[in-house]
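Q: I have a model open and want to go through it piece by piece. Can you take some quick questions?

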Amino acid sequence: MQDLRERLSERALLKGVELGKDEERVLRDLRRWLRRDIPCKGTVRTEDGSYTLIDPEHGEPYHSLTAGALTESLEKFFKPSGLSEIAPFRERIAILDVGFGLGYNTAVAVYELRKLNRKVRVEVIALDKNVPENIPDLPEPYTAVHRKIMGLLPEGESDGVSVKLYEGDMRKTLKAVRNFRADVIFHDPFSPYRNPEAWSLELLGLVKKLLREDGVWVSYTSSLPVRRALYELGFKLGSTPSVGRKRGGTVASIKGCVGELTTKERLKLLNSPYSVPLRDPGLDLHPTDILIDYRLSVLLRERAVSSERRRELSQIRSS
Ligand SMILES: C[S@@+](CC[C@H](N)C(=O)[O-])C[C@H]1O[C@@H](n2cnc3c(N)ncnc32)[C@H](O)[C@@H]1O
């Protein structure tokens, strides 16, 4: 790939941003975001004893090692989604699983839903560009449901559970999903700075079209560019409890009930220079360019804030 410094200069020129003395600072952030921590692949045991895989492309495990893979599906996706509240009263529940991966989020949700309502039909639309091989089983009591779901791929139905997998880049496949409105969306790509094409304002705009107005979008991340994009798309935001790390995740809905962000989180969302969405206007940018454009927008906000501060200071001095 082209040298990062050269690529940054080209994008800055294209966007009309003068980098000047800020170039090194911008490059430092970009190098940190583009670093791959774990460049190998394989199976790993997570904190709760369940197993996950490592993805060498993004340098990340499919699940949080410190929370545990199963615990993550249960505590960061199923519980905050509010599915257990609606399950007893519904004949049918529709789930959009964005970043299906090892199928853990779907399997845990199906098992838990059926425990609450034996008769509920569950329809799952799953998106992934590459469902890996040699997926470890989920532990009991989820093993049988997980195996059943994996056995239905790429499309199938059994015992009131239907699954349809759209394979390929979600930027394309999301547009192919028709006549479907989700009660819940599990948004679970790799982390926003490693997998930015899956978290842009434009991508989340496509996702929003597939969610019922009272439906709930849920994710493990509390990343500012993601929250900012959801906010600009008209979502109400809430935070989910932290599990296995300091920060919690995010729930969002247009008209449904998702609680609230804390005051500190709201202030950060409104004021931090890093609170700008990742942008991918044609849904076709290279991930590195999405990150560079994002960092350039942050730089412009940083400069606007510091010139505002200078103006305020000089007003105070002259009064
Ligand atoms: C963190 S893993 C998902 C784990 C999964 N939800 C589970 O419960 O096992 C992220 C997944 O997002 C998928 N992904 C990342 N970028 C994508 C893209 N642009 N289009 C489609 N899938 C993508 C990866 O292939 C990977 O399977």
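Q: How do the residues of the shell around the ligand divide into nonpolar, polar and charged?
A: This is a predicted model. In it, the shell around the ligand has nine nonpolar, seven polar and five charged residues.

Q: And which residues come nearest to the ligand?
A: Gly99, Gly101, Leu102, Tyr104 and Lys129, out of the 21 residues around the ligand.

Q: Which helix and which strand each supply at least two residues of that shell?
A: Helix H5, residues 104-116, and strand S5, residues 121-128.

Q: Staying with H5, at what angle do H5 and helix H6 pack?
A: About 120°, and their axes are 9 Å apart. H6 covers residues 143-152. Angles of 65 to 115 degrees count as roughly perpendicular and those over 145 as roughly antiparallel, so H5 is oblique to H6.

Q: Is the crossing of H5 and H6 left-handed or right-handed?
A: The crossing is right-handed.

Q: Which residues meet there?
A: From H5, Thr106, Ala107, Val110 and Tyr111; from H6, Val145, His146 and Ile149. By class, that contact between H5 and H6 has five nonpolar residues, two polar ones and no charged ones.

Q: Switching to the sheet with S1, S2 and S3: what is the strand order, and is the pairing parallel or antiparallel?
A: The order is S1-S2-S3 in an open sheet, with antiparallel pairing. S1 (42-45) and S3 (60-61) are the edge strands, each pairing on one side only.

Q: How many bridges do S2 and S3 pair over?
A: Two, with S2 spanning residues 51-55. Ile54 has Pro61 in S3 as its bridge partner.

Definitions and conventions:
Residues are numbered from 1 along each chain as its sequence is written. This is a predicted model: local features need pLDDT of at least 70, side-chain atom pairs count only at pLDDT 80 or more; totals for chains, interfaces and linings use all residues. A residue is near a molecule or strand if its C-beta atom, placed from the backbone, lies within 6 Å of it. Helices (H or I, at least four residues) and strands (E, at least two) are DSSP runs, numbered from the N terminus. Ala, Val, Leu, Ile, Met, Phe, Trp, Tyr, Cys and Pro count as nonpolar, Asp, Glu, Lys and Arg as charged, and the others, Gly among them, as polar. Axes are lines fitted to C-alpha atoms, for helices over the stretch in contact, and angles run from 0 to 180 degrees between N-to-C directions. Angles under 35 degrees count as roughly parallel, over 145 as roughly antiparallel, 65 to 115 as roughly perpendicular and the rest as oblique. A crossing is left-handed if the near helix is turned anticlockwise from the far one by less than a right angle, and right-handed if clockwise. Two residues are in contact if their C-beta atoms, placed from the backbone, lie within 7 Å. Two strands pair if DSSP finds at least two bridges between them.
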